[in-house]
Amino acid sequence: MALWKFFTKKSKKDDKNECVENKEQNKHEVEDNKEDLIENTKEEKTKDIIENNNVKINEEIGINDEIVEEKTKIIAESNNIELSKESWFARLKKGLSKTRDSFTYNVRKILNFGEIDADTLEELEELFIQSDIGTNITFDLIEKIEKQSILGKLKNSDEVISFLKKEFIKTLEIETREKKSTKPSVTLVVGVNGVGKTTTIGKLAHHLKKGGSKVMMIAGDTFRAAAIEQLEIWAKRTDSVIVKHNEGADSASVVFDGINSGISKNMDFILIDTAGRLHNKVNLMKELEKIKNVIKKANDNIEIETLLVIDSTSGQNGLIQARSFKQVVDIDGIILTKLDGTAKGGIIFPIVSELKVPVVFIGVGEGVDDLRFFDSEDFISALFD
């Protein structure tokens, strides 16, 4: 089974119910542990407030903030709860706030002046390009808006916004290529250094383990000791199996050992971290090809899924990276990280449009639950509504 197929898309109603249930759970769990918190901090009194699903301590009692925060986290973790668990759609909206403030707000501001004339179209065109929507998509949209307005089909800002939402959804809806279901499911995670590959693998493992799957991580980036150590931390955190060699070892050898181990241990999913050097495309291509060959050598029936991780904050550089990797490896899907840290989330549109590769996961925060399966309609709703 391809990795992305494992993740089911929850409805907003389900997310809302999940949020309510967790809020009630948080309330009861914190109430039960209030006395422990008081005793451990050795203070005379606390003010128990459960508000907006967050634990707040009255500042008047003078408890050291760091102590309270640390002990509250310990209490929460011991009871398997999250202190500020919101619905996914709420977190998505929050994560896209910078892009929404810089892009959507200005679209409405431009359109609210009334008539859709040449000046309005010019302002929209400038905004789209500044927001990294891409020149091709921008020119296409402006031309369509102009034609539709002349025909009287777009007469006001609400109609233009509705039109843009539909067009953006169509741009993002690229069919995911079908892969033969095999066990174990093997996913090669690629991308330049610093985009969050290792952290993304950890978050994917977290979701897979929550679903009851047996997960293995392979430390294929042997050029950086930090990458191996970071993957080890995530393996412990998610209770996943990890296969690693020492720094400087041959990546393909590590992968070969990992695949054989994964098969023998009857793993469901194997996630492979890779080096992210782009300064020499020839070497990168040879390295990735070698890794694929050793996987096939271990088991010729295994279908390899390749996911490219792109840092949203890199803007146009992210598109350049995507082009470069597309030249050397077949990409099945894109993982777009750090959308909460940029005002130019519009880069998602030219990446999908040019590469003809779907976005399968997006990240809108540092939490383990802030990486989710991508849904184009939810994304556009969170961006515009």
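**Exercise 1. Find how helix 14 and helix 15 are arranged in this predicted model.**

Step 1. Locate the pair. Helix 14 covers residues 316-328, and helix 15 covers residues 348-355. Their axes come within 10 Å and cross at roughly 20°.

Step 2. Name the arrangement. Angles under 35 degrees count as roughly parallel. Helix 14 is therefore roughly parallel to helix 15.

Step 3. Helix 14 and helix 15 cross in a right-handed way.

Step 4. List the residues that make the contact. Helix 14 supplies G318, L319, A322, R323 and K326. From helix 15 come P350, I351, E354 and L355.

Step 5. Sort the residues by class. This contact of helix 14 with helix 15 holds 5 nonpolar, 1 polar and 3 charged residues.

**Exercise 2. Describe the packing of helix 10 and helix 11.**

Step 1. Recall what a description needs. Two packed helices are described by the angle between their axes and by the distance between the axes.

Step 2. Apply the cut-off. Roughly parallel means an angle under 35 degrees. So helix 10 and helix 11 are roughly parallel to each other.

Step 3. The crossing of helix 10 and helix 11 is right-handed.

Step 4. See which residues meet. On helix 10 they are T198, T199, I201, G202, K203, A205, H206 and K209. On helix 11 they are A227, Q230, L231, W234 and T238.

Step 5. Class them. The contact of helix 10 with helix 11 has 5 nonpolar, 6 polar and 2 charged residues.

**Exercise 3. Which residues touch the most other members of the largest nonpolar core?**

Step 1. Take the core as a whole. The largest nonpolar core has 97 residues.

Step 2. Pick out the residues. L164 and F379 touch the most other members.

**Exercise 4. Summarise the whole chain.**

Step 1. Count the elements. The chain has 16 helices and 10 strands.

Step 2. State the burial. Of its 385 residues, 50% count as buried.

Methods: Residues are numbered from 1 along each chain as its sequence is written. This is a predicted model: local features need pLDDT of at least 70, side-chain atom pairs count only at pLDDT 80 or more; totals for chains, interfaces and linings use all residues. Side-chain values use heavy atoms; hydrogens and water are left out. Axes are lines fitted to C-alpha atoms, for helices over the stretch in contact, and angles run from 0 to 180 degrees between N-to-C directions. Helices (H or I, at least four residues) and strands (E, at least two) are DSSP runs, numbered from the N terminus. Angles under 35 degrees count as roughly parallel, over 145 as roughly antiparallel, 65 to 115 as roughly perpendicular and the rest as oblique. A crossing is left-handed if the near helix is turned anticlockwise from the far one by less than a right angle, and right-handed if clockwise. Contact means heavy atoms within 4.5 Å. Ala, Val, Leu, Ile, Met, Phe, Trp, Tyr, Cys and Pro count as nonpolar, Asp, Glu, Lys and Arg as charged, and the others, Gly among them, as polar. A nonpolar core is a set of buried Ala, Val, Leu, Ile, Met, Phe, Trp, Tyr and Cys residues joined through side-chain atoms within 4.5 Å. Buried means under 20% relative accessible area, exposed over 50%, partly exposed in between (1.4 Å probe, protein chains only).
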